[in-house]
Amino acid sequence: SLYENVVLPATKKLFLDGGSDTYIYESSANVIEMYTGGARRFQLTTSHLQVPDGNYLAAGNDNDIFIRHDGNGHLQSNTGQMYINQVASANMFFNTNNTTRVCITNTGELLVSGNDTDIATVAGTGSFQVLGTGGGDTTITIGRFSANSAPPTLSFAKSRHGTIGGNTIVADGDNLGQIVFSASDGTDMVSNSAKIECEVDGTP
């Protein structure tokens, strides 16, 4: 090679297209910027890679997934399914306004209302839990707004088939669904004070 290193003075540009509008340069100490078409495409510092508004970071030959900011934040997959994978045995948090709103625990429970604590009741540890300390963060509202007589629905389904989605007829005495009321006994909530249940009465 002609040179072992190429050294440019600070703020000088290294052009890649014969000296026109595509270049790399150090805009300030330890800050590298890349321009194409005369516009800045990214900035690299000692702590992060920054892409200007309207541009995006893409992965895949066909921009299969990209991260973009244009006044709003976008994480978008253009092909196939999207996976967000927490490899470590740790919880995953989703925040707004710098406050946790949803937590998925490392054992699969979905916790709503900004906490990472789950509880067990007589039915076990629920996969979906709404836990809080006030009225709003412990309330589930189901509302339907339509110009007809159809209602909102809370639906329970029961099959004797051992595979999800399979259909095997239920039997006399089968419990089709229940609402359980539990209270702390000073140790846990793995007991019920009352419950409302629906059972098959007779041959289905």
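User: Hi! Is Cys-198 buried, partly exposed or exposed?
Analyst: Cys-198 counts as partly exposed, at 43% relative accessibility. Buried means under 20% relative accessible area, exposed over 50%, and partly exposed in between (1.4 Å probe, protein chains only). Keep in mind that this is a predicted model, where local features need pLDDT of at least 70, side-chain atom pairs count only at pLDDT 80 or more, and totals for chains, interfaces and linings use all residues. Residues are numbered from 1 along each chain as its sequence is written, and side-chain values use heavy atoms, with hydrogens and water left out.

User: And what about Cys-103, buried or exposed?
Analyst: Cys-103 is buried, with a relative accessible area of 0%.

User: How many disulfides are there?
Analyst: The count is zero, taking a disulfide as a pair of cysteine sulfur atoms within 2.5 Å.

User: Nice. What does the side chain of Asp-174 make a polar contact with?
Analyst: One partner is the side chain of Arg-160, at 2.7 Å. A polar atom of the Asp-174 side chain also lies 2.9 Å from the backbone nitrogen of Ala-171. A polar contact is a pair of N or O atoms within 3.5 Å; within protein, one must be able to donate a hydrogen and the other to accept it, and residues adjacent in sequence count only if both atoms are side-chain atoms.

User: Buried or exposed, that Asp-174?
Analyst: Asp-174 is buried, because its relative accessible area is 8%.
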